[in-house]
Amino acid sequence: MKVLVRAPSNIALVKYMGKTDGKNGDLSTNIPENPSLSLTLSALCTFVEMSVLAGPSREHRFIAEVPDHAKGEAPLLSSAGLQKYMRHLLRCESRMAELFAPFQLTARSEFPGACTLRTSNTFPSAAGIASSASSFAGLTLAAAAVLAADSDLFLTTYRKNSEFRAALAALSREGSGSSCRSFEGPFVAWDGEGVKAVESHLPPLSDLVVVVSALEKKVGSSEAHRRVKSSPNWVGRTSRATERFQNLKIALVKNDFSALATIARADSKDMHELFATSVPPFSYLEKGSKQVLDFFKQEHPDAVVVVTLDAGPNVHLIVPQSEESHWKRVLNLRFPEFPILVDREGAGAEILEIRK
Ligand code: PMV
């Protein structure tokens, strides 16, 4: 059996930063301190292929190879990254039957044999373009497709039932927090354990990612979630983010891109100031990131655009699709040394193929 899925990355407009103790009293289930809201992308994504060799062996393996019919590059996983990935595969196996039951779906109690995973990313790994979000969303969806006893019913339920997608998103969240926002689109709210698409009347948006560096980040996001709590700015962070989250939802319904841009810029600044004031302080900003931020501050102070960075040095410029080529030209002219990745809003993770 073989399945191929595609899961997009997402870029947070109100950021998830800081974890709270879940029901089990630990931080491991990735319950956020504050609600977050993101824009789902489309071409910036991870392909996950899972093939199963039926038989008694359960020696699952990961092969660093681009799957057939997929694009991009195979990621280079660290051994800790690989362990986390394979742990999530087993989490999916042990939890899928319970997750499926309310949707009248049956999941096999275990994988029908040894699983081989091949994945590729269409963007540089670990450079602030949430590869963990897209890769864990893809893994969760691929595992669900393999475990489904009735593939056709699974496919229809996944496509039609947003509550089912939310249940898969919640499982994915335990592997990587922000991955839970990659199952819907274009705007997705994540509050506590719940994830859902948010109503919007905005015209379609584009995300231009200025790749100032494709190097691995020095401080992983788990460490960032921990360390921000040592910042004096942590006081009030939850209420600041919650207020922005509420106002952003209003801006989406009112088709108020200008309010969206102001909120998203403020929240990105807030998060990066938390990093800078943590003990010890840290920063994802590199020389190039600062140049791009300064360029917007000094040369385009009145531009109604979102300028935001996740836990990485690359700068995301989010604009209406109608302005995409204008801003691409502006950035290429001013920063010919930085590649620009151009993507558009998307609809969330999808199943491309299930072959029995
Ligand atoms: O999902 P994690 O644990 O990699 O956290 C990602 C957090 C940010 O990307 C910095 C913000 C966000 O909401 O995506």
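**Exercise 1. Strand β7**

Task: In the predicted model, decide how many of the five residues of strand β7 are buried.

Solution: Locate β7 at residues 187–191. Apply the cut-off: a residue is buried when its relative accessible area is under 20%. Four of the five residues of β7 are buried. The strand is therefore mostly covered.

**Exercise 2. Partners of β7**

Task: Find which strands are joined to β7, and in which direction they run.

Solution: Start with β4, residues 36–54. Four bridges join β4 to β7. The two run antiparallel.

Now turn to β8, residues 194–197. Four bridges join β7 to β8. This pair also runs antiparallel. Here D191 stands opposite G194 in β8.

**Exercise 3. The turn between β7 and β8**

Task: State how many residues lie between the strands of the hairpin of β7 and β8, and which residue takes a positive phi.

Solution: Two residues lie between the strands of this hairpin. G192 takes the positive phi, near 60 degrees.

**Exercise 4. The cavity**

Task: Describe the largest cavity by its volume, its lining and the strands that supply the lining.

Solution: Begin with the general idea. Rolling a probe the size of a water molecule over the atoms shows where empty space is left. The structure holds one cavity of 30 Å³ or more. The largest cavity has a volume of about 40 Å³.

Next, list the lining: K2, L4, E49, D68, H69, E353 and R355. Then assign strands. β1 (2–14) supplies at least two of the lining residues, and so does β13 (350–355).

One residue is nonpolar, one is polar and five are charged.

**Exercise 5. The second largest pocket**

Solution: Take the volume to begin with: about 440 Å³. The lining has 16 residues. Nearest the pocket's centre lie K269, L285, L293, K297 and L309.

Look at the helices. α7 (257–276) and α8 (287–299) each supply at least two lining residues.

Conventions
Residues are numbered from 1 along each chain as its sequence is written. This is a predicted model: local features need pLDDT of at least 70, side-chain atom pairs count only at pLDDT 80 or more; totals for chains, interfaces and linings use all residues. Side-chain values use heavy atoms; hydrogens and water are left out. On a 1 Å grid over the protein atoms alone, a cavity is a set of points where a 1.4 Å probe fits but cannot get out, and a pocket is an open set with protein on both sides within 12 Å along at least five of seven lines; lining residues have an atom within 4 Å of a point. Grid points are joined across faces, edges and corners, and a volume is the space filled by probe spheres set on the points. Ala, Val, Leu, Ile, Met, Phe, Trp, Tyr, Cys and Pro count as nonpolar, Asp, Glu, Lys and Arg as charged, and the others, Gly among them, as polar. Buried means under 20% relative accessible area, exposed over 50%, partly exposed in between (1.4 Å probe, protein chains only). Two strands pair if DSSP finds at least two bridges between them.
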